[in-house]
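Colleague: I have the chain open in the viewer. Can we walk through how the helices pack and what the rings are doing?

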Amino acid sequence: MTGVSDEESVSLNLLRQKMAEFAKERDWDRFHSPRNLLLALVGEVGELSEIFQWKGEVPKGLPDWEEEEKVHLGEELSDVLLYLVRLSDICGIDLGKAALRKVEVNAIKYPVGMCKGSSKKYNSSSNGNNGSTEN
């Protein structure tokens, strides 16, 4: 169905290419401005949020969920990912490289010795930003 076996991983580059082809075949490039894609992404995040809205805390692996619920979750997660990949492509951002860079930045911002076992956000005691991680 997808052309990718269960053992193969799917790269962000493959998704970027597939989304670009998908949009081009439908003559949708003219609608895929950064603003429009961002708004579509936010809408999909809202749909994803609705799935969890009244469930309270959910354990890893979703052991109490029906298969149909998991399939729906996968669809909504995919919508978010695909819009994010498309937005990054339209903006000329290599999402994979940007994400790896952000992991490296976060490793410096949250050193293991100071953060291990703690769920506290980056706090104002070290840089004056009152818990924000927006940098």
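**Helix packing and rings**

Modeller: Helix α1, residues 12-25, and α3 have axes that come within 9 Å and cross at roughly 85 degrees. Bear in mind that this is a predicted model.

Colleague: Parallel, antiparallel or perpendicular, then, for α1 and α3?

Modeller: Roughly perpendicular: the crossing angle is roughly 85 degrees, and angles of 65 to 115 degrees count as such, so α1 and α3 get that label.

Colleague: Which residues in α1 and α3 meet?

Modeller: From α1 there are Leu12, Leu15, Arg16, Met19, Ala20 and Ala23; from α3 there are Leu81, Leu82, Val85, Arg86 and Asp89.

Colleague: Take Ala20. What does Ala20 touch, leaving out residues up to four places away in sequence?

Modeller: Ala20 touches Arg86 and Asp89.

Colleague: Next pair. At what angle do α2 and α3 pack?

Modeller: About 160 degrees, and the axes of α2 and α3 are 9 Å apart. Angles over 145 degrees count as roughly antiparallel, so α2 is roughly antiparallel to α3.

Colleague: Left-handed or right-handed crossing for α2 and α3?

Modeller: The α2 and α3 crossing is left-handed.

Colleague: And which residues make that contact between α2 and α3?

Modeller: On the α2 side, Pro34, Leu37, Leu38, Ala40, Leu41, Glu44, Val45, Glu47, Leu48, Ile51 and Phe52. On the α3 side, His72, Leu73, Glu76, Leu77, Asp79, Val80, Tyr83, Leu84, Arg86, Leu87 and Ile90. Arg86 is also among the α3 residues that meet α1.

Colleague: Staying in α3, what about Ser88? Buried or exposed?

Modeller: Ser88, which is found in helix α3, is buried, with a relative accessible area of 10%. Setting aside residues up to four places away in sequence, Ser88 touches Ile93 and Leu95.

Colleague: On to the rings. How many aromatic pairs does the structure hold?

Modeller: There are 2 aromatic pairs. One is Phe22 with Trp28, which is edge-to-face, at 5.6 Å centre to centre and 70 degrees between the planes.

Colleague: Where do Phe52 and Trp65 sit in the chain?

Modeller: Phe52 is in helix α2, residues 34-52, and Trp65 is in the loop between α2 and α3. The two are 13 residues apart, and the pair links distant parts of the chain. Phe52 counts as partly exposed at 33% relative accessibility, whereas Trp65 counts as buried at 10%.

Colleague: Backbone next. Which loop holds Asp27, and what is its phi?

Modeller: Asp27 lies in the loop between α1 and α2. Phi of Asp27 is near 55 degrees, a positive value in a residue other than glycine. Most residues other than glycine have a negative phi. Asp27 counts as partly exposed, at 45% relative accessibility.

Colleague: What about Leu62?

Modeller: Leu62 is not a glycine but has a positive phi of about 50 degrees. Leu62 lies in the loop between α2 and α3 and counts as buried, at 15% relative accessibility.

Colleague: Last one, the overall tally. How many helices and strands?

Modeller: The protein chain has 6 helices and 0 strands. Buried residues make up 16% of its 135 residues. Of the contacts with a separation of 6 or more, 56% are between residues 24 or more positions apart.

Methods
Residues are numbered from 1 along each chain as its sequence is written. This is a predicted model: local features need pLDDT of at least 70, side-chain atom pairs count only at pLDDT 80 or more; totals for chains, interfaces and linings use all residues. Side-chain values use heavy atoms; hydrogens and water are left out. Rings of Phe, Tyr and Trp (its six-membered ring) pair if their centres lie within 6.5 Å; planes under 30 degrees apart count as stacked, over 60 as edge-to-face and the rest as tilted. Helices (H or I, at least four residues) and strands (E, at least two) are DSSP runs, numbered from the N terminus. Buried means under 20% relative accessible area, exposed over 50%, partly exposed in between (1.4 Å probe, protein chains only). Axes are lines fitted to C-alpha atoms, for helices over the stretch in contact, and angles run from 0 to 180 degrees between N-to-C directions. Angles under 35 degrees count as roughly parallel, over 145 as roughly antiparallel, 65 to 115 as roughly perpendicular and the rest as oblique. A crossing is left-handed if the near helix is turned anticlockwise from the far one by less than a right angle, and right-handed if clockwise. Contact means heavy atoms within 4.5 Å.
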